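This report is for a reader meeting the structure for the first time. Please look at the sequence and the model before reading on.

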Amino acid sequence: MNRRFMLLICGLLTLLLPFQAAAAESVSAAAAQDDVRITSTKLTTDDAATKVQILAAVTSLYELKSVTASTSGREVTLTRSCPSCNWKGEMPLSGLAKGEHTLIVTAVDIYGSIGTGTGTFTYDEPPVITRMEPENLSIIRNNSLHVIAEAEDDLAQPSFLVKIGLSPYYPDFIASDQGTGKFDRVFDVTKYNGRSLSIEYTISDGPESPGGDDNHRVDLFRTVYVESSPELVEMERESGSVLDADESRLLLAGNSELIIKNRNDGTETKVPISGYYNYQSWFELTPAGAAFLVDEGQDGYTRMMLHSWNGEKLTSTEVAPELNWQFSGNYVLGSDSFRLQWVDTKTGTARTIPIDYHNELHAALEPSGTFLLDSDLSGKKSDQMFRYDPVTGGMTTAFEYPGAPSRPVTDGKAILFTVNDGSSLMKYQDGTVTEVDHGTTAGRIGDYTVNEGWVAFQKPSASNVQQVYLQSPEGTVTQATYFNKASKIHSLDNLGTLVIENESKLYQYHQGMVKPTLIARNQGKLKSINGQLFYLLSDTIFGVKSQAPSDTEAPVWPQGNVLTFSDVTHNSVQLHWQPATDDTGVANYLLFQNNQLLTTLKGTASSYEVKGLSQKSSYVFTLVAVDAAGNQSVKKNVTITTAAYNPDPTPETLLNHFDGTILDFDQNHIVWKATGDTVLWLYNRTDKTQVKVYDAAGSDYTIGKAMLSADGIVYTLELNGLPMTYYWKNGAVLQHWEGETQYDTRGIPDGSVVYTLNDTTYLYSTQEGKLLYSFNGPGELYYRQHVYSGPGEKQYRYDAWYRVDGGSLYGLRI
């Protein structure tokens, strides 16, 4: 029988596991008769290595009678859903031997002609994890991260790839072990103290390029917290994350459950809700039970739900997003510029308050559930502070005071508020108004707080940096912070323990201390329970070491001229002083420059050289003696005026020269490209060494821009006008993307102007009213800020100007 037809069969299967083991590809071109032809088959196992998914493309001159697939004595029939569709089927793998198998696809037409195609696949299950350390949400206390991973596989020794970093997408550590079945490394994570780290474990079932498509198997992620603060002492460890705590209860999260645990007898009460951990906002214990805010929105939409549990019933209320929340007793109040939402967590009663405010809304929740409102109702300011009752809807006058009292804060006994333009902070208690401080800029709730007579408030220093002050119940005010960057109040307890937040770090302060003591970074939750600070992080409750002073006697200065000076230059002065005396000894001297803390010196010091001053300028230096308990002496002042500065007549000095073009620089490094734009170098200005970042040899790429990042280099390559950007660090490219990234630009300081006229570039100071520098011809001026460590481990900054001309870097003397 002379029949001719062509038969094409392609088998395609895809493994969906995170780590794959791909099958080999085999091509068989066999024909039962001259009129049958079969091309290729490609087979792989499925997600869980339980079946083979078969996809076959078949073409034939005549109608096909059947298409089957077989291996190792088992056979399945392939089907299709339309005349032009591919043939599909699945073959179970259970019972087959592990390893490589040959699968045969057979097609038969109505005349009995047969075409076959073969392909191979590997029946290989994913690696089985037998050990993984550290545990998820562990706390690293010694700055040493020990990572262990062990696994077993049915066909090969597993390989490991571990990535560690603040973000799983931008790892700082990358390490691998191939073909050993075990990963065991220790990483120094000192620089991440106070932060959380993400660990990604990639475990494959073979030694070939972990992470590649051919053997991808398992991806696991864990988060650890690095916290080595010596001020934290481990007190308790729980089976779940500690969300909140009070004297007798803990609010715990674990195994998709929310639990209130009795700290006295260990009994646990499960709160009937799940899934909260995905979108948590805050969790708080209340006298009746607990309250927590979660985002339950889906598909990119926000839906904020406030849940309250009173021990018997869970009540849920949808609330507006981005509200500022206050807690007092069993009551919760959320507010923003124009709305109020109030919830009684004991009864589950919720109210949306219809308040008509002309400007920004300010409210203060009271322990009874009522709240205070300032006078800006309907755009009409008055001298009244109002009290609103959410249960009855009634509004009454809490008190009256001239100057439109606003921005109330209360502990239930005293009320803090500002008057007029907010320049005066006042306190109302027992029918009497007193001034706390004049000159505060209380721009928002949180700029001041009160607790059992103690008052903490913020106001700007002479350099316009927000500092924190503490007032005792007796009226004594001390400045708690002298940071160079703005501080804010975190909390104030009823014993006067003040917690301050600065640069994402938490500090504690008591009156009488020299300066605030660092507790830890703010990745955990800080709670004051019966006058003791506790720090809640992951599954651990830490006690915070107390810094309360017992000595109350301040150091005393001798009679006469205590603070003197000598050796005054245009930028420095030598200070001298007579030692103070104290019953327990002087621990430190605080030296202030124009009312700003310059440095802290040991109690044995008697002189100090001040550097970095400006020429022909007056400075007031203040010295304070402090004992170990933090008691401070009276201030001793001296005023000096620096000499005039006669600059070096040489306007600039060649610092570095390269055969190419300088693209960016800072005080430690220079990044430059060689002539021809094909080689990129990183030069170390400290040890005079350099490393090659990129070499375009053998390619058509040219180097465009490059810029120093915080810990590496970002550079752009161009090919036929199309840019590609790369991120390089420590000898390797960690990231790349199409297009040109937005490069940061470093501006010039206020009061300076750079301009070019008739091929001459000028640097002019508008503050000093004079020309500082000029040059004729090519080149550009750059401004940089440099930092160095000075006396007392204090960081100092100096400003510098440079001229870059091609591969030459010049330092200007101005």
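The text below covers the disulfide and the salt bridges.

The model is predicted: local features need pLDDT of at least 70, side-chain atom pairs count only at pLDDT 80 or more, and totals for chains, interfaces and linings use all residues. Residues are numbered from 1 along each chain as its sequence is written, and side-chain values use heavy atoms, with hydrogens and water left out.

**Disulfide**

A disulfide is taken as a pair of cysteine sulfur atoms within 2.5 Å. By this rule the structure has one disulfide. C82 and C85 are its partners, with an S to S distance of 1.8 Å. The disulfide is right-handed because the torsion about the S-S bond of C82 and C85 is about 95°.

C82 is partly exposed at 24% relative accessibility, and C85 is partly exposed at 25%.

**Salt bridges**

Side chains of opposite charge can pair when their charged atoms come close. Here a salt bridge means a side-chain nitrogen of Lys or Arg within 4 Å of a carboxyl oxygen of Asp or Glu. The whole structure contains 27 salt bridges, and the table gives some of them.

| Salt bridge | Closest N and O atoms |
|---|---|
| D177 and R185 | 3.0 Å |
| K459 and D437 | 3.4 Å |
| D695 and K692 | 3.2 Å |

In the salt bridge between K459 and D437, the closest N and O atoms are 3.4 Å apart. K459 lies in strand β40 (residues 454-460) and D437 in strand β38 (residues 432-438), so this pair ties together parts that are 22 residues apart in sequence. Strands (E, at least two residues) are DSSP runs, numbered from the N terminus. K459 is buried, at 18% relative accessibility, and D437 is buried as well, at 13%.

For the salt bridge of D177 with R185, the partners fall into separate classes: D177 is buried, with a relative accessible area of 18%, whereas R185 is partly exposed, with 30%.

D695 pairs with K692. D695 is partly exposed, with a relative accessible area of 34%, and K692 is partly exposed at 43%.

Which residues are linked in a network of salt bridges? The network consists of R131, E133, E150, K182 and D184.

Key
Buried < 20%, exposed > 50% of the residue type's maximum accessible area, 1.4 Å probe, protein only. Helix = DSSP H or I, 4+ residues; strand = E, 2+ residues; numbered from the N terminus.
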